[in-house]
Each structure stands twice: as structure tokens, then as C-alpha cells.
Amino acid sequence: MRILVIADIHANLHALESVLKDAKDTYDVLWCLGDLVGYGPYPNECLQIVQSLPEFICISGNHDYATVAKMDLSTFNPIAYQALHWTKNELSTESYNFLEKIESTVYTNDVTLVHGSPNNPLWEYITDTNVANQNFTNVRGKLCLVGHTHIPRIFSHDGIQCNEISVNTTQSINLFERQYILNPGSVGQPRDHNPLAAYGILDLTKHTWEQRRVAYDIRATQDQMMIEQLPEELMIRLSFGM
Ligand code: ZN
């Protein structure tokens, strides 16, 4: 089984469409690791597309959760807060109901799916080997897929120590023997100084992970953000992938 793994779409329709076009015919099912909404100008459109894909599994990210939960949005920085406020008003009833019912952790096919980390599925960022190491004990099964940092990362654990493996888009990596925490990076708001949309292909038959990047019409997303009067900083960062 080949799985298209995406995370942090952040309501960026043009990025999502480019990823789906690029990955076309190379996957059987879709797993989405949360933050479908927040920051971007197309929350309903992105939610509709994800729900139309074959055998999709979708978990909640902190932005998804905050949009539908009765929580204080002031825990977010002022720019994220402004975009979340806009998203809340924009969501259709169908979109709201969908975001309200998705889980924050899913375990399937021997793989743990969370947005942040196994220890704190909605909020913790796995930014380095120390944090990854603390989380490996709570990885159910051999693999864990995460998003949230918007940066493609691969951490492995051999039972003794945790290592980071450099991400390479030209060669797939073999997932044998060790445990892995894999982050495909962000579809709709990459933050690794590379503006291309990021995603991964997990092959559970061959036990491989492929990291991929694809260009999309950044300008079209920025133009729509301008129309919706979303914060300028959020538009600018898309050009630089930061
Ligand atoms: Zn995010």
C-alpha cells in the first residue's frame, strides 16, 4: 500500500492541488496529519478536496482544533489569531462539523499518526533529536508520522539512541529495523526556506519513504489572501518558505 502523506495544508488550495497533481497515480490512500485550516484563504475548498480523496484518514492539528473548540485563541500569536478568527467566520457548517469530529491521534497499519508529537498530539513541536527521543517511547508500532513544524525531518531510533537522517528528495529511504518519526513538511506553508509545497509517499509494502517537493502558484494564493485581507506577513512568508 502506498500512502500520500500530507500535513499543514493551511487552507492553501493552490498548493494542495499541485501536490495532488504531482502525486497522481502514485498512491492508494491519503493520510493527512492536521492543520487543514488557519493562515490561508481557502478553508472550505481544502476540506472538501481532502474528504473526496480515496480512503482518506485525517487527524486534527492545533489550528483545526482551535477553530472549532471553545478555547481562548489568545494563546496564538497575533497574526495566527487574526487568521483563525477569519477562518472561524468563514467555515461552512459542513466544514465545521468535519473538523469537530476528527481525532487528534490515529493508530493504523502499525503506524501512529499525530499532528505534533505522540506525547502531546496537538501542541508539541518535534524540533530536534532530544524531543524526538522523548517521544519514541510513546510511538505505537514502528512508524510515527507528524507535522506541525512545517519542516521535513526524519528521526530514527535503534533501541539505544535517536538519530536524525538528512532529508533527500532524490532518493527514497528504507525503513527497516529501526523505529522512525517522519515529518513530510508542509503543503501550504513550508518553513525550511524552500517555498515549494512538501509531501511524502510512504510505501508500506516496500517499507520506503520518499520526500517530495513541488512548485505551485504562490501568487494566486497571495492574491486571494489580499482579497480576504489576511495579514500581510502570512502572504510574504509563502514566497520565501519561512
Ligand atoms: Zn501548522
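**Figure 1. Packing of helices H1 and H2.** The axes of H1 and H2 approach within 9 Å and cross at roughly 20°. Angles under 35 degrees count as roughly parallel, and H1 and H2 are therefore roughly parallel to each other. On the H1 side, the contact involves Leu13, Leu16, Glu17 and Leu20, which meet Glu45, Cys46, Ile49 and Val50 in H2. Sorted by class, the contact of H1 with H2 comprises six nonpolar, no polar and two charged residues. The view, like those that follow, is taken from a predicted model.

Figure 2. Six strands form an open sheet in the order S3-S2-S1-S11-S12-S9, and the pairing is mixed. S3 and strand S9 (173-174) are the edge strands, each pairing on one side only. Helix H1 (residues 13-23) lies across strand S1 (2-6), strand S11 (197-203) and S12, and runs at about 130° to S12.

**Figure 3. Strand S11 and its two neighbours.** In the strand order, S11 stands between S1 and S12. S1 and S11 run antiparallel and are joined by four bridges; here Ile3 stands opposite Leu202 in S11. S11 and S12 likewise run antiparallel, joined by seven bridges, and Leu202 stands opposite Trp209 in S12.

**Figure 4. Burial of strand S11.** Seven of the seven residues of S11 are buried, so S11 is largely enclosed by the rest of the structure. Both faces of the strand are covered. One side carries Ala197, Tyr199, Ile201 and Asp203, and the other Ala198, Gly200 and Leu202, all of them buried.

**Figure 5. Packing of helices H7 and H8.** The axes of helix H7 (residues 218-227) and helix H8 (residues 232-240) come within 9 Å of each other and cross at roughly 175°. This crossing makes H7 roughly antiparallel to H8. H7 contributes Ile218, Thr221, Gln222, Met225 and Met226 to the contact, and H8 contributes Leu234, Met235, Ile236, Leu238 and Ser239. The residues of the contact of H7 with H8 comprise seven nonpolar, three polar and no charged.

**Figure 6. The aromatic pair Phe56 and Phe98.** Two aromatic pairs are found in a search of the whole structure. In the pair shown, the ring centres of Phe56 and Phe98 are 6.1 Å apart and the ring planes lie at 50°, so the pair is tilted. Phe56 belongs to the loop between helix H2 (43-52) and strand S3 (57-58), and Phe98 to helix H5 (residues 93-101), so the pair ties together parts that are 42 residues apart in sequence. Phe56 is partly exposed, its relative accessible area being 26%, whereas Phe98 is buried, with a relative accessible area of 3%.

Note on methods:
Residues are numbered from 1 along each chain as its sequence is written. This is a predicted model: local features need pLDDT of at least 70, side-chain atom pairs count only at pLDDT 80 or more; totals for chains, interfaces and linings use all residues. Side-chain values use heavy atoms; hydrogens and water are left out. Rings of Phe, Tyr and Trp (its six-membered ring) pair if their centres lie within 6.5 Å; planes under 30 degrees apart count as stacked, over 60 as edge-to-face and the rest as tilted. Buried means under 20% relative accessible area, exposed over 50%, partly exposed in between (1.4 Å probe, protein chains only). Two strands pair if DSSP finds at least two bridges between them. Contact means heavy atoms within 4.5 Å. Axes are lines fitted to C-alpha atoms, for helices over the stretch in contact, and angles run from 0 to 180 degrees between N-to-C directions. Angles under 35 degrees count as roughly parallel, over 145 as roughly antiparallel, 65 to 115 as roughly perpendicular and the rest as oblique. Ala, Val, Leu, Ile, Met, Phe, Trp, Tyr, Cys and Pro count as nonpolar, Asp, Glu, Lys and Arg as charged, and the others, Gly among them, as polar.
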